[in-house]
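Biologist: Please put the model up. I have a list of things to ask about.
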Amino acid sequence: MKKPAMALLATGIAVALSLTACGGSASSSSASNSKELEGLTGVFGAKDFSEQFILSHITSQVLNAHGAQTTTNTSVVGSANVRTAFETGQFAGYWEYTGTSWITYNKQTTPIKDKADMFKAVKDADAKKGIAWLDPAPLNNTYAFAIREEKAKELGIKSLSDVAKLPVSEQTFCMESEFSTRDDGWPGLRKEYGLSPDAKVSMLDTGVIYTATQKGQDCNFGEVFETDGRIPALKLQVMEDDKSFFPIYQGALTIKADVLAKYPAIADIMAKVSPKLTTEVMQKLNAKADVDGEDPEDIAKDWLESEGLA
């Protein structure tokens with residue numbers, strides 16, 4: 001959904017480059033009289049899930065509050081298609097994750113475990129392609145395994161190392177089919193932590209995994225993404241990845257280098273936004289969309305106003 005490399009189909013390219021279905025408003029916020037970005041126009045893209053929609057609207061709205069006239073496009077399906085639209089200049093920018101760029105776009109098979117080193121490596125690699133990475137948010141939208149809070153207490157577990165010590169009857173997992181075969185997924189995880197080769201594995205679609213984990217019938221442990229709002233909403237507890245197996249998927253705004261060179265104030269403005277976007281904050285914002293059904297554009301507006309940013 002967020003991280004796997006996706007085939008770049010011809011129809012997908014057509015969708016990516018057809019940017020007429022845009023959301024958001026090009027008008028500046030009345031909360032700010034700043035005009036340092038006057039003259040800045042363009043479209044900020046998003047991958048096809050709620051977190052990305054929210055981040056796209058946050059970006060466009062906060063920049064517009066400083067004089068820009070930007071819009072958003074949340075209609076492109078597929079990470080690879082969004083990246084294509086960005087690299088070909090159809091998008092001025094979008095939010096990307098360090099692990100995705102490093103593994104999928106820069107074809108690096110070995111993740112870097114230190115997040116600062118990972119960010120620098122990705123920033124340097126993409127700079128050669130005319131892509132600038134602004135300072136990252138603390139959020140880490142990486143893979144994880146979660147369990148019902150009450151079951152975690154019953155078993156007395158907090159980490160994946162704890163899971164490996166459980167009886168095989170308790171080592172039951174729900175996951176996506178692709179995760180089950182990825183090197184940075186189940187095969188590598190089982191080897192790293194010494195999970196039982198006889199562990200029960202159930203293959204489910206992404207959305208179903210959360211509810212199945214909450215019910216606890218198909219599995220104790222479900223594959224999740226750490227910033228997903230359904231984790232707190234369903235009272236799930238994420239198991240600590242105490243051996244740092246999973247790649248880091250730290251989020252940051254990526255923008256065309258020539259756009260940033262013309263409007264360097266973008267970096268200063270976003271530097272006031274990004275540090276506030278922790279994993280916990282993103283979970284709450286995502287829950288408003290995925291659990292409560294609120295509109296991502298409204299979620300972005302309300303959050304920016306609550307933080308005094310627009």
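Modeller: Let me begin with K235, which is found in the loop between α10 (230-233) and β9. Helices here are DSSP runs of H or I with at least four residues, strands are runs of E with at least two, and both are numbered from the N terminus. The model is predicted: local features need pLDDT of at least 70, side-chain atom pairs count only at pLDDT 80 or more, and totals for chains, interfaces and linings use all residues. Residues are numbered from 1 along each chain as its sequence is written, and side-chain values use heavy atoms, leaving out hydrogens and water.

Biologist: What is the phi of K235?

Modeller: Near 55°, a positive value in a residue other than glycine.

Biologist: And is K235 buried or exposed?

Modeller: K235 is exposed, with a relative accessible area of 53%. Exposed means over 50% relative accessible area, buried under 20% and partly exposed in between, with a 1.4 Å probe and protein chains only.

Biologist: What about K107, where is that found?

Modeller: K107 is in the loop between α4 (98-105) and α5 (115-127). K107 is not a glycine either, and its phi is positive, about 55°. K107 is exposed, at a relative accessible area of 63%.

Biologist: Now K151. Buried or exposed?

Modeller: K151 is buried, with a relative accessible area of 10%. Its place is in helix α6 (residues 149-155).

Biologist: What does the side chain of K151 join up with?

Modeller: With the side chain of E154, through a polar contact of 3.1 Å. A polar contact is a pair of N or O atoms within 3.5 Å; within protein, one must be able to donate a hydrogen and the other to accept it, and residues adjacent in sequence count only if both atoms are side-chain atoms. Leaving aside neighbours within four places in sequence, K151 is in contact with E170 and N220. Contact means heavy atoms within 4.5 Å.

Biologist: On to the sheet. What is the order of its five strands?

Modeller: The order is β7-β6-β8-β5-β9, in an open sheet with mixed pairing. β7 (200-203) and β9 (236-238) stand at the edges with a single partner strand each, so one side of each has no neighbour in the sheet. Two strands pair if DSSP finds at least two bridges between them.

Biologist: In which sense do β5 and β9 pair?

Modeller: Antiparallel, over three bridges, with β5 covering residues 143-148. A146 stands opposite V238 in β9.

Biologist: Which helix lies across β5, β6, β8 and β9?

Modeller: That is α9 (residues 206-215), which runs at about 135° to β8 (221-225). Axes are lines fitted to C-alpha atoms, for helices over the stretch in contact, and angles run from 0 to 180 degrees between N-to-C directions.

Biologist: Different pair. How do β1 and β2 run?

Modeller: β1 (residues 41-45) and β2 (residues 69-73) pair in the parallel sense over five bridges. V43 has T71 in β2 as its bridge partner.

Biologist: Where is D228?

Modeller: D228 lies in the loop between β8 and α10. D228 is buried, with a relative accessible area of 6%. Its side chain makes a polar contact of 2.8 Å with the side chain of R230. Not counting residues up to four places away in sequence, D228 touches Y210, Q283 and N286.

Biologist: Next, α14. Which of its residues are buried?

Modeller: In α14 (residues 296-306) they are P296, I299, A300, W303 and L304. Seen down the axis of α14, these fall within an arc of 125°, so they line one face of the helix. The arc is that of the directions from the helix axis to the C-beta atoms.

Biologist: What do the buried residues of α14 pack against?

Modeller: Against α2 (50-64) and α13 (279-290). At the start of α14, a side-chain oxygen of D295 comes to within 2.8 Å of the backbone nitrogen of E297. G308 follows α14 and has a positive phi, near 70°.

Biologist: Last one, Y97. Which strand is it in?

Modeller: Y97 is in β3 (residues 93-97). At 1% relative accessibility, Y97 counts as buried. Y97 and I248 are 151 residues apart in sequence, with their C-alpha atoms 8.2 Å apart in space.
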